[in-house]
Every structure is written in C-alpha cells, then in structure tokens.
Amino acid sequence: MKILLVDDSKTMRSIQKSVLTQLGYTEIEEACDGQDALSKVGAFEPDLMLVDWNMPNMDGITFVKHIRQNDKTTPIIMVTTESEKSRVIEAIKAGVNNYVVKPFTPDSLSQRITETLTKKAA
Amino acid sequence: MDPQYITPFIKSIQNVFSTMLHMPVTVNQPTIKHCNSAAYDVSGIIGMSGDVVGSVVLSFPKETASKLITAFCGMEFPVDSPDFADAVGELVNMVSGSAKGMFVDKDVSISCPSVVIGPGHQINTRSDTPCVTIPCSTNEGDLAIEIAIRESNAASKAA
C-alpha cells in the first residue's frame, strides 16, 4: 500500500506518518504542496492520498481537481483545519472520499483511513 | 471587538492543546492591547481574509514554546531550527483554522503561517482594528493569543 502525504507542514507530515507506520503502512511519499504532489504522483502511483487544504503554490482543493481529471478512483482524504460545512461540501464535490478535521487524535485518523480503504476494497 | 470572535479562540486553543499536546489550557481574562510589541519571544502569525479580516498571533516565551513543541511533535527541536518554526506555524494554523470554523455565517480564509523569533519583536496590526490579548496558562508555562480582527466592510454592509 503506497500512501502520499501532501502537507506544507513537515510537523503534520511526521504526525501522519507516525499514525500510518503504526497501522503497518511503510511505503510513504511526502509532498510539501499541490505542485510538488503533482510532480510525484505519476512516478509513485499512490493507493491513497492524504491532502491538506491550505498550502502555498497549489492548495489541496486545486490539487484534488487536477487529479480527478484523470484519476477518479484513488482514494483521497482531506486532512485540514477547514471545518465549515461549505468547505466539506466543496471538497466532496471536487472528488474527496473522506474528510478529517485538524486537530485529530491518532485514533480518529486511523479510523478514517481504515474506513476509506475498506470502502475502496468493497 | 465583538465577543462572538473571542469565544471561538478560547474553545479552539483548549481543543487543540488537549487533542494534540494532551495538555489543559487555563484561559485568563482577555484585555485590549495598546502597543505593538509581541507578548513574548516566539510568535506564530496567521492572516484572515474574506468576511473577517486581520491577524491572529500565538505568542510564547522561548522556553515555553520549546516545551510545548516537544509535547506536540514528540521530539525536541532547537529553537532556531526550521522544524521548530514549522511546528509553531502548524499550532497557530490549527488554533486559527479551528476558531474560524466557529464563526457564524462567515466565509473566511486563512493564510499560511509565518513565525517570528527574537526578543522584543513588534507586530503591527491594522490601525482601525483593536487587538485583544487572551492570556493562557499551561503546565509548561504561559502563552498568549493576540487577535486583531474585524468584519470586512463588504461583510458589514451585507449584514
């Protein structure tokens, strides 16, 4: 299982990486914004992406829209401080499969990841 | 400043610290700030735009910031390292993002965070916007949230 973490905060990527490692996922690639992620996604071919919303250069929602032009199936979880209902709806319309609001506990992130992958496998 | 913009920051900092740092925060009486000097040596700054405009600062003494960032990241970083600044930025991002989600019927965007470290630094806010300081205490020391925000002219006209 290959997982791409897209967040401009190295701290946040480390926290997410630690949760993923505890879940047994070790094949993890990191990107610091949407542009960086777009440049890595082709070679890495992730099975799951965790994407922040507010990032420099290219934000998460723009990245998701780019990805969904050609890839409708790879699961994407938005992990963001954006908690307003309107933002969640916007993300889902753009093609996000699940949504985690920061701050999160390791358990809640684990739960969303498992839930998303289970849905994909069904 | 309208209290509807203060309460979300109080709830938010308590939620962020309890969830990510496993640390309770005691919030003391907010006061109006009359000078541009930051409360402490380390400041994480976020801008707000949209229906509410202005800035939010999370300010800590270096020693407190160091202990809080260790609790947040699970490891210690030198205060002058990029990792330390990144973690301070993520904390202010979470506190501000979470708070603006509690603003009622307001469409607000937040900027990427900036972090300033150094004694006696100044943060100039808009002259037409009062700044409110919310002093906070934790087991690892004191910190402050400084909020200088107001409804944008467009949002005020629409209301």
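**Close-up 1. Burial of A:Arg13 in the predicted model.** In this predicted model, A:Arg13 counts as buried because 21 C-beta neighbours lie inside 10 Å, where 20 or more are needed for that class. A:Arg13 belongs to helix H1 of chain A, which spans residues 10-22. When neighbours within four places in sequence are left aside, A:Arg13 is in contact with A:Leu5, A:Asp7 and A:Glu30. A:Glu29 is 16 residues apart from A:Arg13 in sequence, and the two are 9.9 Å apart in space, C-alpha to C-alpha.

Close-up 2. Along helix H3 of chain A, residues 60-70, the buried residues are A:Gly60, A:Ile61, A:Phe63, A:Val64 and A:Ile67. These residues cover an arc of only 155° around the axis, and therefore lie on the same side of H3(A). An α-helix has 3.6 residues a turn, so residues three or four places apart point the same way. A:Gln69 and A:Asn70, by contrast, are exposed on the other side of H3(A). The elements of chain A against which the buried residues of H3(A) pack are strand E1 (2-6), helix H2 (34-44), strand E3 (48-51), strand E4 (76-80) and helix H4 (85-94).

**Close-up 3. The largest nonpolar core and a second, separate one.** The largest nonpolar core has 43 residues, and those with the most contacts inside it are B:Val88, B:Leu91, B:Val95 and B:Ile145. Two or more residues come from each of several elements of chain B, including H1, helix H2 (62-73), strand E7 (131-138) and strand E8 (141-151), while H3(B) provides the largest share of this core, nine residues. Not counting residues up to four places away in sequence, B:Val95 touches B:Phe9, B:Ser12, B:Ile13, B:Val16, B:Leu58 and B:Ile145. A second, separate core of 26 residues includes A:Leu48, A:Met49, A:Val96 and A:Leu117.

**Close-up 4. The contact between chain A and chain B.** This contact takes 16 residues from chain A and 17 residues from chain B. On the side of chain B that touches chain A, the elements that give two or more residues are helix H1 (7-20) and helix H3 (82-100) of chain B, and H3(B) gives the most, with nine residues. Sorted by class, this side of chain B has seven nonpolar, seven polar and three charged residues.

Definitions and conventions: Residues numbered from 1 in each chain as written. Chains lettered and ligands numbered in written order. Predicted model: local features only at pLDDT ≥ 70, side-chain atom pairs only at ≥ 80, totals over all residues. Contact = placed C-beta atoms within 7 Å. Helix = DSSP H or I, 4+ residues; strand = E, 2+ residues; numbered from the N terminus. Nonpolar A, V, L, I, M, F, W, Y, C, P; charged D, E, K, R; others polar. Buried ≥ 20, exposed ≤ 12 C-beta atoms within 10 Å, placed from the backbone. Arc of directions from axis to C-beta. Core = buried A, V, L, I, M, F, W, Y, C linked by C-beta atoms within 7 Å.
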